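Here's a quick tour of a protein model. Have a look at the sequence and the structure first, and then we'll walk through a few spots together.

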Amino acid sequence: MDDGYKQSAASSRMMLPLLFVLLYAAFQGAVAESSGQPPSMKKSAQFMAPNRLGSSVVFPLSGNVYPLGYYSVPLSIGNPPKVFDFDIDTGSDFTWVQCDVPCKGCTVPTERQYKPNHNAVLCENPLCKEASWPPGQDCKNPKHQCDYEIKYADNDQSMGALVIDVLPIKLTNGSVFRPKLVFGCGYDQLNLAQNRPPAIAGVIGLGKGKISVLSQLHAQGLTLQNIVGHCLSRKGGGFLFLGGEVVPPSGMTWTPLLPNPSDKHYKTGPAELLFGGKSTGVKGLNIIFDSGSSYTYFNSVAYTASINLIKSSLNGKPLTGTKDETLAVCWKGTKPFKSISDVQGYFKPLMLRFARGAQFQILPESYLIITKHGNVCLGIISSVKEGIGEINMIGDISMQDMTVAYDIDSQRLGWKYANCDRLPKS
């Protein structure tokens with residue numbers, strides 16, 4: 001499976017091997033002697049919440065849909081601060097980093113792993129219950145350290161313990177704060193070498209849960225609005241923002257999030273699928289927007305309709321089906337393609353039309369890639385064939401060159417085409 005899609009889950013539990021038990025014991029020694037309580041909001045210049053406009057945070061992004069398959073953000077952690085690169089993921093709410101205690105299965109060298117320093121979070125911390133616990137460890141003793149185990153749909157898995165540390169941030173108004181946040185210190189990784197880019201040290205979960213970085217900052221008063229968003233550049237890079245000040249004041253298209261408190265995904269719907277401006281007959285689609293997925297996924301009905309209509313519309317065009325290891329459905333031309341502009345005229349746009357009239361355009365450049373072989377490939381994948389169930393999910397490829405905002409306070413999701421090559425002005 002592509003290295004983007006993630007879904008927080010506590011399924012497929014298994015007994016941990018002896019090596020994990022030894023690592024667990026080593027970790028207890030490394031992170032012991034912490035109260036594990038949430039940080040106090042002392043009225044100091046360091047921790048006092050801002051009381052004026054500018055309560056947003058903007059981070060530059062690196063990466064692209066192809067060939068890297070991810071967008072990442074550099075975050076500083078600790079005192080003195082050390083920079084780690086995180087895969088941005090609105091499809092989960094848990095943040096973790098590869099951890100040197102030592103680490104089993106880590107993909108980054110020891111010097112680029114996080115080193116805990118007697119800062120374990122205890123079971124009595126309210127955020128402990130928001131984590132996915134390992135099997136058979138339900139954290140009954142409030143003075144025990146809080147362990148976690150998280151498994152993603154691409155079979156990546158991380159196990160470790162919660163820690164609390166400083167994450168220095170600079171707001172858009174120039175103020176600098178050093179809040180303490182809770183995250184995972186992952187010292188036992190599974191399948192990371194297969195799916196996760198070697199430069200990535202962890203995942204920043206930006207979902208709706210209380211343990212997400214966004215929710216923790218909002219709870220400490222550092223973001224006035226509980227909003228997260230991103231602008232992913234088609235050229236590579238872009239920016240991530242926490243707080244509502246960066247959201248364009250006009251021109252945004254909004255649609256409500258589905259009201260399900262237990263669902264930590266950003267899910268909208270129902271929506272109708274259109275192709276070339278005409279209805280496909282596929283309706284009632286619920287859609288997840290997930291920055292942790294490189295590509296877009298449709299359920300069996302939507303995927304079948306899309307692939308049939310696309311192929312039919314290509315009749316008479318100078319394109320021939322071909323095999324390419326990058327994706328399942330690809331075409332070649334009379335000569336290798338150099339950019340999407342070479343093929344845009346051959347493909348028609350898709351659209352999701354939501355019940356209240358909001359329209360999410362998926363232009364050809366938002367569902368196609370040009371591979372290193374000069375072929376054009378379809379960046380829409382069958383969720384059933386990938387083994388992740390009958391889901392519909394908008395991934396990075398279809399969110400490029402637009403501001404996408406996830407508004408938890410107002411329970412809505414919005415988008416607007418934008419220039420993602422420039423960071424917003426402070």
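Cysteine 128 and cysteine 146 are joined by a disulfide, with their sulfur atoms 2.1 Å apart. The pair links distant parts of the chain, 18 residues apart, and both cysteine 128 and cysteine 146 are in the loop between β4 (96-98) and β5 (147-151). Keep in mind that this is a predicted model. The rest of the tour is sorted by topic.

**Disulfides**

- The torsion about the S-S bond of cysteine 128 and cysteine 146 is about 95°, so this disulfide is right-handed.
- Is cysteine 128 buried or exposed? Cysteine 128 has a relative accessible area of 1%, so it counts as buried.
- Another disulfide joins cysteine 330 to cysteine 377, and here the sulfur atoms sit 2.0 Å apart.
- Cysteine 330 belongs to strand β19 (residues 330-332) and cysteine 377 to strand β23 (residues 376-378), so this bond ties together parts that are 47 residues apart in sequence.
- With a torsion of about 105° about its S-S bond, the disulfide of cysteine 330 and cysteine 377 is right-handed.
- Cysteine 330 counts as buried at 4% relative accessibility, and cysteine 377 is buried with a relative accessible area of 0%.
- Then there's the disulfide of cysteine 103 and cysteine 106, whose sulfur atoms are 1.7 Å apart.
- That link is right-handed too, with 70° about the S-S bond.
- Why does cysteine 106 count as partly exposed? Its relative accessibility is 21%, and buried would mean under 20%.
- How many disulfides are there in the count? The count comes to 6.
- If you number the bonded cysteines along the chain, the pattern reads 1-8, 2-3, 4-6, 5-7, 9-12, 10-11.

**Aromatic rings**

- You can find 11 aromatic pairs in the structure.
- One of them is phenylalanine 289 with phenylalanine 360, an edge-to-face pair at 5.3 Å centre to centre, with 90° between the planes.
- Phenylalanine 289 is in strand β16 (residues 285-289) and phenylalanine 360 in strand β21 (residues 359-362), so the pair ties together parts 71 residues apart in sequence.
- Both phenylalanine 289 and phenylalanine 360 are buried.
- These two also belong to one aromatic cluster, made up of Phe289, Phe354, Phe360 and Trp415.
- Elsewhere, look for arginine 412, which lies over the face of tryptophan 254 at 3.7 Å from the ring centre.

**The largest cavity**

- There is 1 cavity of 30 Å³ or more in the count, and the largest cavity holds about 70 Å³ of space.
- Among the residues lining the largest cavity are Leu75, Phe86, Leu181, Phe183 and Gln216.
- Which element gives the largest share of this lining? That's β9, with 3 residues.
- At least two lining residues come from each of β2 (70-77), β9 (180-190) and α3 (213-219).
- The lining of the largest cavity has 8 nonpolar residues, 2 polar ones and no charged ones.

**The second largest pocket**

- The second largest pocket has a volume of about 340 Å³.
- It is lined by 17 residues, and the closest to its centre are Gly78, Asn79, Tyr114, Asn117 and Asp165.
- Strands β3 (82-89) and β6 (157-166) each supply at least two residues of this lining, and the largest share, 3 residues, is from β6.

Notes. Residues are numbered from 1 along each chain as its sequence is written. This is a predicted model: local features need pLDDT of at least 70, side-chain atom pairs count only at pLDDT 80 or more; totals for chains, interfaces and linings use all residues. Side-chain values use heavy atoms; hydrogens and water are left out. Rings of Phe, Tyr and Trp (its six-membered ring) pair if their centres lie within 6.5 Å; planes under 30 degrees apart count as stacked, over 60 as edge-to-face and the rest as tilted. Helices (H or I, at least four residues) and strands (E, at least two) are DSSP runs, numbered from the N terminus. Buried means under 20% relative accessible area, exposed over 50%, partly exposed in between (1.4 Å probe, protein chains only). A charge sits over a ring if NZ of Lys or CZ of Arg is within 6 Å of the ring centre and within 35 degrees of the ring normal. On a 1 Å grid over the protein atoms alone, a cavity is a set of points where a 1.4 Å probe fits but cannot get out, and a pocket is an open set with protein on both sides within 12 Å along at least five of seven lines; lining residues have an atom within 4 Å of a point. Grid points are joined across faces, edges and corners, and a volume is the space filled by probe spheres set on the points. Ala, Val, Leu, Ile, Met, Phe, Trp, Tyr, Cys and Pro count as nonpolar, Asp, Glu, Lys and Arg as charged, and the others, Gly among them, as polar. A disulfide is a pair of cysteine sulfur atoms within 2.5 Å.
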